[in-house]
Structure formats: structure tokens, C-alpha cells
Amino acid sequence: MPSDGRSDRRTLLKRATLSLGAAVGLGLALPLVRVLVFPLGRRTVSREGGPLDATAAERVTTEVPLRVELRSDRRRDAWSLAEGVALGAAWLVRDEDTGEIRAFSASCPHLGCAIDFDPESGLFRCPCHQSGFALDGRRLSGPAKRGLDPLPVSVEDGRVRVAYKRFRTDVAERIEL
Amino acid sequence: MRALLDWLEERTGWGSLARRALQEPVPGGASFHYVWGSVLLLLLGLQALTGVLLGLHYSPSTTDAWASVAFIQDQVPLGWLVRGLHAHGASAMVLVCLAHLMQTAIYGAYRKPREVNWILGVLLFCAVLAFGLTGYLLPWDQTGYWATRVATGLIGALPVAGRPLQQIVQGGNEYGNLTLTRFYGVHVFVLPALVVVLVLAHVALFRRHGVTPRWGRGEEQLRRRSEPFWPHQLFRDTVAGAATLAVLVAVTLFTHGADLEAPANPASSFDARPEWYFRPLFQLLKMAGPLESLVSLVVPLLVVGGLLVLPFLDRARSRAPQRRLRPLGALGLGIALAGGLVALSFYEDATDEELQARLARAEETAQRARRLAVENGVPTAGGDAVFDTEPAVAGERLFRQYCAGCHRGDERKGPEISPGYSSRTWIEDFLRRPSGHRFFGVTGIDDMRPPRLRPPDRAALVELIYSQTGAEDANDELVERGRLLFGRGRCPECHSLDWTTEGDLGPNLARRGSVEMLVEFIADPGHPRWFGEANEMPSFRDKLSPEQRRQLAAYIVSLRDGEWE
């Protein structure tokens with residue numbers, strides 16, 4: 001078709017419509033996507049306070065590991081503030097040689113299932129995908145990429161206190177969340 | 001009426017549209033083989049209806065989710081039925097999707113020119129699975145919580161964008177309120193919108209190309225035996241839909257709806273299991289060992305990718321299945337493998353006795369949580385706090401934290417307090433050897449000598465002490481006899497039986513082991529009414545609130561009904 005005024009006008013209208021639409025779409029998309037990805041790298045769940053009171057030190061023996069629940073003093077979960085909520089659990093083991101207490105997060109370094117202790121084999125075991133760990137936390141078998149995650153532990157006035165942490169799952173390095 | 005319809009028709013054209021849709025010819029005649037798509041539409045409608053009803057009662061937050069689902073399940077009339085239909089309906093959709101997919105494949109209905117519609121179908125199947133995955137978390141019960149953590153953990157382990165993707169999906173660094181609102185938003189808004197669009201396109205394309213009749217018939221034959229959609233095909237669709245619904249309702253009634261596990265508790269341990277349709281992947285993960293990242297990423301990609309390209313691989317001249325053994329064989333093998341993995345996974349679970357024992361315990365916990373939710377309501381602190389509404393359960397937690405160190409295990413510093421404590425057997429055992437290692441032998445208060453008693457007198461004295469705990473089944477006659485014996489024997493030299501006397505050599509035994517006595521005793525065991533200066537136990541007045549002491553006392557009293565070994 002020969003180029004005439006009407007055709008030019010039509011081309012201009014097409015371009016203008018598409019540009020205007022794209023501009024409006026982009027202008028809308030930016031804030032919307034920002035909201036969508038807002039949790040990136042953000043500590044949406046956090047807690048205050050230091051190490052958590054776990055149990056009496058004399059309950060931790062060399063024979064069988066002891067499972068303790070760790071409850072937080074104050075925990076922020078996005079908009080809500082809660083007190084005394086269960087954060088997670090830890091396994092306490094007393095070293096046969098030194099007598100020192102060690103704590104491991106009960107959250108499997110593989111994909112975060114709760115680690116169990118198998119009294120028959122004397123090993124830690126994950127019930128989900130069968131990773132096995134020694135009493136000192138070493139990885140023995142299964143899909144986990146690292147050993148159990150140690151947690152800082154201290155004994156004050158005969159009470160065991162554990163600093164609760166979570167780590168990235170399914171990676172070889174230990175990266176705190 | 002007629003006039004009204006004509007009026008409407010003139011202005012909308014809807015009548016002729018409906019007539020065209022209903023009179024659409026089915027070449028080769030109607031068949032039960034073509035029902036699956038309609039059954040899926042029916043199930044989808046049911047999911048939407050039940051989903052809306054659930055949404056009218058559900059609250060997506062970590063503190064309310066479990067409570068609101070427990071409310072639907074146990075308190076909304078027929079709520080369990082609606083929730084059960086929704087949950088089992090999801091399973092039904094997966095099954096019928098597979099049937100639909102198989103029928104389409106066997107008839108070669110994905111072949112040119114219908115490839116795009118096959119692709120839309122595969123995407124719809126993925127959307128159905130995504131519905132299942134996101135819906136599983138929403139009750140915020142143990143199963144949903146732990147299984148979904150595995151799923152998002154797998155996302156986080158993906159190469160390159162895994163971690164950011166995980167954060168966007170779970171709404172931050174950890175599981176919390178934003179995880180639920182995001183899963184809820186996707187389940188209730190995003191996926192339904194997506195599915196509506198895909199279904200419209202799917203049905204429109206189906207109408208454009210028409211049904212793919214059975215292979216091996218000539219065009220003339222197909223035309224001759226063609227029947228209109230209404231009523232020939234729609235009748236068959238309705239029969240199949242009714243049968244599917246009947247099965248679904250029967251299963252829902254038989255199972256009394258879907259399971260609801262105990263509220264999610266990150267500090268507990270739970271054997272996470274996904275819905276059955278994710279079991280193939282679950283089982284593969286279990287078996288994969290170090291190949292896991294391969295399995296979790298490559299296998300799903302291969303499956304979906306394989307399905308997507310199937311129409312382009314099937315280049316056989318004939319549509320007859322016997323001429324297309326390779327694509328059909330691959331598809332059949334894939335489904336058989338998946339089915340085998342599902343069966344293997346359930347078999348391994350069923351033969352694992354320890355797992356079964358743990359599951360039975362978990363079921364007990366779930367039942368208790370639901371009973372408490374009905375009886376007492378769920379505290380605003382969250383689903384898990386429902387246990388605190390039963391004082392003895394909260395007390396057990398306190399006991400483990402504050403008391404077990406001295407009153408349980410081999411390193412005890414005080415009398416053992418375990419199931420059967422203060423029961424008749426316990427009292428009798430105590431009277432035989434008060435300084436035994438399970439009693440006061442581990443303390444400095446070990447100077448009580450066992451009273452010498454004839455069996456009937458012993459029973460009477462045991463009953464007297466037992467009655468102090470407030471036990472309702474104490475035998476009054478025996479108690480009275482015990483009281484006489486107590487007064488006549490040597491007991492009063494060290495013990496009193498009235499609440500007011502203080503400063504005896506031994507503790508005052510009035511109301512011993514009852515809730516009101518324990519609440520006071522735990523606050524101040526060195527009170528002159530009890531151990532006075534001989535006391536070795538710390539006071540818990542400052543460490544435990546009166547409410548906590550009451551919970552602890554309730555737990556200790558509840559031990560009385562256990563068995564002392």
C-alpha cells in the first residue's frame with residue numbers, strides 16, 4: 001500500500017498504543033514485583049534474648065543423648081509477637097572423655113526434618129530420608145551434605161543453656177539463617 | 001416464558017450459542033471413553049465450591065490456621081464432610097487427570113493438530129499438583145508443616161536461584177505467618193485464576209478440533225455414526241460424574257473426612273510424609289543418596305519435559321496404538337514406575353514397626369489436641385498452645401524442665417516421681433522401704449523406719465494416705481480404719497494429719513499429694529509444715545507462677561493413675 005497520510009497515522013497510533021500500554025504495565029509491575037520479592041534476605045522471623053534455658057545439667061548423661069525443646073522468650077513472626085513459643089529442639093550429649101556437654105540442632109542438615117536417636121544402633125537418624133549421624137555429630141550415611149549442626153552451649157547454676165540457631169539446609173557449608 | 005426467552009435471545013444470542021454447544025456432533029458416536037474431561041470439570045467445580053466453604057471459616061496465620069481447621073473439622077456442622085471432599089477431591093483429580101491423560105495418549109489425541117491442547121493439559125496437571133502442594137500446608141498441622149518444609153528445602157537446594165526462590169516462596173528466612181499467607185494466596189487466588197484461564201483455552205481448543213474418535217474408522221463411517229453431544233455424550237458424562245462423586249463421597253464418609261494431625265510444632269519430631277501423589281519423588285529421594293539434587297531437579301523436569309514433547313515424538317503414520325508402541329510404552333512405563341514407587345513407599349512405611357508406633361503416638365496426640373480444642377478452645381498463642389489448656393500437659397512440660405533433673409533418672413537427688421507416684425502401689429512400696437533408692441535414700445532425709453504391719457492393717461494405712469491425695473475412689477471404711485491405726489501406732493511421733501500442725505520431725509501428711517498441697521509445697525518445701533530445716537529441695541516460689549505450680553501439681557496428681565513398677 002502506498003504511504004499516505006492515513007497509513008502513517010495508523011502506524012503512529014499502533015506504536016503509541018503499544019508504548020503507552022508498555023509504560024503503564026511496567027509502571028505497575030515495578031511496585032508489584034517489589035512486594036512479591038520483599039522477603040528476599042529479610043529476617044521475617046526473629047527472636048530476642050540470649051541462650052535458652054534447656055534443662056538441668058545433671059540430666060545429660062554420657063550414655064543416651066537427651067532431647068530438649070527450646071522455647072523462646074520473645075519471637076517476632078512478621079507482624080506478631082509471641083512469648084514462650086517452641087522454636088525447635090536440640091540433642092544434648094555429654095562427652096565421655098571430657099565430661100563436657102555438647103548440643104546439636106535437632107533439625108536435619110539435609111532438609112530440616114527432626115532428627116531422632118536410634119537406641120539400637122546408638123546413632124542419630126533422620127526419619128525422612130535416612131541420613132545417619134554419629135554421637136559427635138559426624139555424618140555417616142544418607143543424603144545429608146554435612147554433619148549435625150552444633151549449637152553453642154553453656155552451663156550456669158546447674159542449668160544447660162543453648163543458643164538456638166537455624167542453618168541453611170542441604171548445603172555442605174554451615175550458613176546461619 | 002417463550003416471549004421472555006426470545007427477548008433475551010435477540011439481545012444476547014446466548015440461546016443459539018448454547019444450542020450450538022449442545023448439538024456439537026461427536027463423530028463416530030458418543031462413548032464412555034470421552035468422559036474424563038467432563039469428570040475433571042465436575043471435580044474442579046466441586047473443589048471450587050468446597051474451597052469457598054472452607055475459605056469462609058479458615059484463617060491463614062500460624063496462630064489461627066490449625067485452630068480454624070480444627071473448628072471446621074470438629075465444630076462446624078458437616079465441616080468435616082466439606083473438608084474431606086476437598087482433600088479427597090484433590091486425590092480424585094490427580095487420578096482422573098491420569099485417566100484423561102492415558103485416554104488422550106492411547107487415542108493419539110495429542111497428535112497434529114492438537115499438540116497445543118496436550119501441552120495445555122500437561123500444564124493443567126502441573127497446576128493440580130501445585131494445588132495439592134500448597135493446600136497441604138494450610139492446616140498448619142504436623143504433617144503439612146514438616147512435609148512442606150522438605151519441599152521448600154528442595155527448592156532452596158536448587159542451583160543458582162534456589163535460595164532466593166525459597167525465600168520468596170516461604171516469605172522470608174524461616175517458616176512463619178508469611179509462609180502461610182503466601183501459600184494461601186497462591187492456593188486461593190493465583191492457581192484458581194491460572195486454572196480457569198487454562199481450562200477455558202483447553203476446552204476452546206477441544207471444541208475447535210473436536211473429539212478424536214477411535215482409530216481405524218473411515219471418515220464416511222464416522223460421519224454416518226455421528227451423534228450430537230446432547231444428550232448422547234452428556235448422558236455418559238453425567239453417569240461417569242455421578243459414579244465418581246459416589247466413590248468420592250463413600251471414601252469421605254468411610255474415612256470420616258481428611259486427617260488433621262496435631263498443630264505444627266517446630267520443636268517436636270514428626271515423620272514427614274507427603275500426599276500420596278508426591279510419594280514417587282519422596283521414595284526416589286530416600287533411595288537417591290548423594291544423587292539427590294539430580295533426583296529432585298532432573299526427574300521432575302524429565303517427566304514434565306517428556307510429557308510436553310510426547311506429541312512431537314509420536315510420528316507414526318497410523319493412530320492405532322499397536323503402531324505407536326514406543327511413545328505409549330514410555331508413558332505406560334513411567335506411570336507404572338511411579339505407581340511402583342508409591343506402593344514401595346507405603347510398603348516400607350507399613351512394615352516399619354517403629355514408624356507405625358510413632359505414627360500411633362502422633363495420632364493420639366492429634367486426637368488429644370482436637371478434643372482440647374473443642375472443650376477449651378485454642379489459646380491465641382497458637383495451635384500448639386492448645387495443650388496448655390490441659391493443666392497436666394503444661395505441667396508435664398514444666399516438670400521436664402524444672403523437676404526431672406532431681407526426680408527422674410539415675411542421677412536423682414530426690415524421690416522418684418514417675419507414673420504411679422502416690423498410687424496405692426507406690427505408697428505400699430514406700431512403706432516397705434522409705435529409705436530405698438527410689439524414695440528418700442538419695443537424700444539426707446533417710447531416717448524413717450518402715451512400719452511393721454499386718455497385711456490388712458497395711459491396706460488400711462495405705463488407703464488413708466491414698467485418700468489424702470484427693471482420690472475419689474478411696475474406700476471410706478478402710479480410710480477410717482487407717483486413721484485409727486495411724487493414731488494408735490507410732491506414726492504420730494513424727495507425722496500429723498491436720499493441715500495446721502507444724503514443726504514435727506517428719507512432714508505433715510494432711511492432703512499429701514493433692515493439687516492444693518503440691519501448689520504450696522513446690523513454692524516452699526522447707527515450710528515447717530513439711531520438711532523444715534531438713535529440707536533439701538529449692539523453693540520454686542519465684543521461678544514458677546501460681547498458675548504454673550497448679551499445672552505442675554495437676555501433672556503430678558495425674559501420675560497417680562499410672563502404674564508404679
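A: Across the interface of chain A and chain B, five salt bridges are found, a salt bridge being a side-chain nitrogen of Lys or Arg within 4 Å of a carboxyl oxygen of Asp or Glu. In one salt bridge the side chains of B:Lys413 and A:Glu58 meet at 3.5 Å, N to O. This is a predicted model, in which local features need pLDDT of at least 70 and side-chain atom pairs count only at pLDDT 80 or more, while totals for chains, interfaces and linings use all residues. Residues are numbered from 1 along each chain as its sequence is written, chains are lettered from A and ligands numbered from 1 in the order in which they are written, and side-chain values use heavy atoms, with hydrogens and water left out.

Q: How many residues of chain A and chain B are in contact, and what is the area buried between them?

A: The size of an interface is often given as the accessible area lost when the parts come together. Here the buried area (accessible area, 1.4 Å probe, lost by two parts on being put together and summed over both) is about 4,100 Å², with carbon and sulfur atoms giving 50%. In contact (heavy atoms within 4.5 Å) are 50 residues of chain A and 49 residues of chain B.

Q: How do β3(A) and β6(A) run, and how many bridges join them?

A: Strands of a sheet pair through backbone hydrogen bonds, either parallel or antiparallel. Strands here are DSSP runs of E, at least two residues, numbered from the N terminus, and two strands pair if DSSP finds at least two bridges between them. β3(A) and β6(A) run antiparallel and are joined by six bridges; A:Glu69 has A:Ala89 in β6(A) as its bridge partner.

How values were computed:
Helix = DSSP H or I, 4+ residues; strand = E, 2+ residues; numbered from the N terminus.
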